[in-house]
There are 2 protein chains.
Amino acid sequence: MINYDVIIVGAGPAGIGVASLLSQSDLNHLILDKSEIGNSFLDWPKNMEMITPSFPSNAFGQMDLNSIFESTSPAFAFNKEHLTGDEYAIYLSGVADYRELNVERNNEVKSVSEEENGWAVETQKGTYSCKYLIWAAGEFQNPKIENISGKEHCIHSSLIKSPDELKEDNFVVIGGYESGIQMAFDLVQNNKKVTVINPEIIDDMETSDPSRVLSPYTYTKYDTLKSSELYTEIIGEAETVSKTENGYKVQLKNDTSLETESKPICATGFSLVKKPIEHLITNREDGFPKLDEKTDELFEKKNIYLTGPSVRHDDHIFCFIYKFRQRFGVIVEDILLKEEYKKENVSVLVDGWKRNGMYLSDLSCCGEECVC
Amino acid sequence: MINYDVIIVGAGPAGIGVASLLSQSDLNHLILDKSEIGNSFLDWPKNMEMITPSFPSNAFGQMDLNSIFESTSPAFAFNKEHLTGDEYAIYLSGVADYRELNVERNNEVKSVSEEENGWAVETQKGTYSCKYLIWAAGEFQNPKIENISGKEHCIHSSLIKSPDELKEDNFVVIGGYESGIQMAFDLVQNNKKVTVINPEIIDDMETSDPSRVLSPYTYTKYDTLKSSELYTEIIGEAETVSKTENGYKVQLKNDTSLETESKPICATGFSLVKKPIEHLITNREDGFPKLDEKTDELFEKKNIYLTGPSVRHDDHIFCFIYKFRQRFGVIVEDILLKEEYKKENVSVLVDGWKRNGMYLSDLSCCGEECVC
């Protein structure tokens, strides 16, 4: 059985990012992915783009919003602001090459179990062991439709690869966040009638936190959408979906109901891919894994960490790339200190990560902006 | 004669930005502008947009690229990434209100002279005196067409407010940087033939410094442009422009010449508006003002500072907003220390400015990016 210092599960932005920091030490690592580097991005609908704009500003002390390692910038590589999924996957592969990461592709993790000195990771192709395990399996592979009775009649937005190929004339979209608005926009562009069921009034949201409100990229689409006669928005929550003679009926909690000829589209987000480590996770009330606030280790477990969009502390959401990258350094620092790396040397690394937005330990920072 | 601690000339991003930092102390200040807050931006062609994308990321330790003061974000105010000039002027006014800045509009500075304890600033409406003077008069009011004989036959790109109103069918654009490519793009969009004379091959430029290469925003337009039959690019430098029977002739240094029916459009940039302080400036070989590297004071002058896009140190260019804002703190720190503010208190302010990208003293940082 091969033994590694660190095994990282998932070769997406979180896995490649945290491994890039780790590759600045002499610990050895293995990244396991059930498919390819950036597989989730390769799976995106073809017209979907990153909602955070890329800009090559590293050289002046500000990381590209979509960068996962210092001195790299998707905007520099592609000369554009909004990368497609395919392009972003190429960027991730570029970083993996540049940092000479050890990635094993097409090998799915089946189970993870505790051992005396770390973790046994059973995969399709055999079992590996490691002292530290970093779970970076992401969310996009795991579409979420919760709390809707009759959800088998719905289709999740992420499974619609080309909205312009949909044949019907009217659609109901459940959920009005980034992907709901983008789906509605694409459909209206194709002259379809769309009704979005949105639990919140977008224009009434007062926060500036980009994990909670529409990004400017999507808002610009929303602005166009609102002025279209093909677009209707209903504030409420879907409760039941049922099959009717000519299509489907969506019943809202507030007694409103909608008829539609096509399967309702659920733009209801994603959940953490976590099956092989589910038995190790304690959930918070909201269903996200409970983590050690200082180290991002799973609650009351040692040497197993979570990184990526499912990281939550209190009400802080780290779901954008530029936000969850801020916790990469926290994990790597913890591992290096446990391995008895000299504190001075670790501090030099941490200072660099801080400069590049890869290390956030003080969560009190996340204040609001003034309206100007 | 009214006496101020600090007078700032110019109510654009540099003036409003540096004054916002200063307003964190109890020094009093006056901002003088010959017109309005953000006047240059109000003067932009109506379809022109910021080339740096805005995104509300302050709350997670990364300033909006176009923000000039902490906790503010044009993207948050306008829900879009690329603001027009009019919108950006509204943002600047918003910051001036928020920081309660003392702005005197419609009062042009005529001359500046040295006094025993500072500076006398003679304006249209009278003379003011101050101990410290910050020159933030900007560039956009001062279009530059240099080294072209017959330049009186040309028109500067910034004077063309609506490219879609131009009547002729073919155009020559001298200069292929941001504004040259954008002008060409707008003209080709309107079915005009355009030849751009570009001193450098855009795709061959190896640097990632966004002050030297096309921004991703403009590059995307360039990409479209290159595939249009209406677009021609010639690598070279214009030497002479002359009037012909049917239009104009542009002679290049390399013996090529071009005929065009319309006035050649010079997208040749801008120079610092500096007349009232010209006698105080020592120029570098490249024509930019020579500055004290530590404080941004004019060369061998005390208590008169330059801020804005004309700031140069060695070969570092600070011409984007997010780049020149990095020197705001350097100036304000120097003033506070001269005023014998306690070092500890100044340090607290400087730490905040550093966190927000408003303080860059170590110019060795500006490294290159890797190609991924």
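A word on conventions: residues are numbered from 1 along each chain as its sequence is written, chains are lettered from A and ligands numbered from 1 in the order in which they are written, and side-chain values use heavy atoms, with hydrogens and water left out. Because the model is predicted, local features need pLDDT of at least 70 and side-chain atom pairs count only at pLDDT 80 or more, whereas totals for chains, interfaces and linings use all residues.

Let me begin with the two copies.

In the interface, 52 residues of chain B are in contact with 52 residues of chain A, contact meaning heavy atoms within 4.5 Å. Since 100% of the interface residues of chain B are also interface residues in chain A, the copies meet through the same surface. Between them the chains bury about 4200 Å², 66% of it on carbon and sulfur atoms, where buried area is the accessible area (1.4 Å probe) that two parts lose on being put together, summed over both. On the chain B side, B:Phe55, B:Phe60 and B:Cys372 lose the most area to chain A, together 21% of what that side buries.

How many salt bridges does the rule find across the interface of chain B and chain A? It finds zero, taking a salt bridge as a side-chain nitrogen of Lys or Arg within 4 Å of a carboxyl oxygen of Asp or Glu, although the count over all chains comes to 26. One salt bridge joins the side chains of B:Lys131 and B:Glu339, at 2.7 Å from N to O.

Finally, helix H8 (residues 328-338) and helix H9 (residues 343-355) of chain A pack at about 175°, with axes 10 Å apart; axes are lines fitted to C-alpha atoms, for helices over the stretch in contact, and angles run from 0 to 180 degrees between N-to-C directions. Helices here are DSSP runs (H or I, at least four residues), as strands are (E, at least two), numbered from the N terminus.
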